[in-house]
Amino acid sequence: MIVAKHRILQAYAVTYAPGKANAARCREVAEKLGIDAETVAAIVAENVGNV
């Protein structure tokens, strides 16, 4: 499935919660958007930094 980068980044931002692990956030976004968690992690790392 093709998902725009901005959709992934928006979904990642919405999953923020104090103390929540970045890997858990990536998995949550991946499940919601129907894509691979590694893809989410790569896009977030490329655009935001630490993942």
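At what angle do helix α1 and helix α3 pack, and how far apart are their axes? The legends below take this up after a look at the whole chain.

**View 1. The whole protein is a predicted model with 3 helices and 0 strands.** Along the sequence, the pattern reads α-α-α; helices (H or I, at least four residues) and strands (E, at least two) are DSSP runs, numbered from the N terminus. Residues are numbered from 1 along each chain as its sequence is written, and side-chain values use heavy atoms, leaving out hydrogens and water. In this predicted model, local features need pLDDT of at least 70 and side-chain atom pairs count only at pLDDT 80 or more, while totals for chains, interfaces and linings use all residues.

**View 2. Helix α1 (residues 5-14) meets helix α3 (residues 37-47).** The answer to our opening question is an angle of about 90°, with the axes 10 Å apart; axes are lines fitted to C-alpha atoms, for helices over the stretch in contact, and angles run from 0 to 180 degrees between N-to-C directions. The two helices, α1 and α3, are therefore roughly perpendicular, a label for angles of 65 to 115 degrees.

**View 3. Here are the residues where α1 and α3 touch.** From α1 come K5, I8, L9 and Y12, and from α3 come V40, I43, V44, E46 and N47; contact means heavy atoms within 4.5 Å.

View 4. Of the 51 residues, 25% count as buried, meaning under 20% relative accessible area with a 1.4 Å probe, protein chains only.

Methods
Parallel < 35°, antiparallel > 145°, perpendicular 65-115°, else oblique. Buried < 20%, exposed > 50% of the residue type's maximum accessible area, 1.4 Å probe, protein only.
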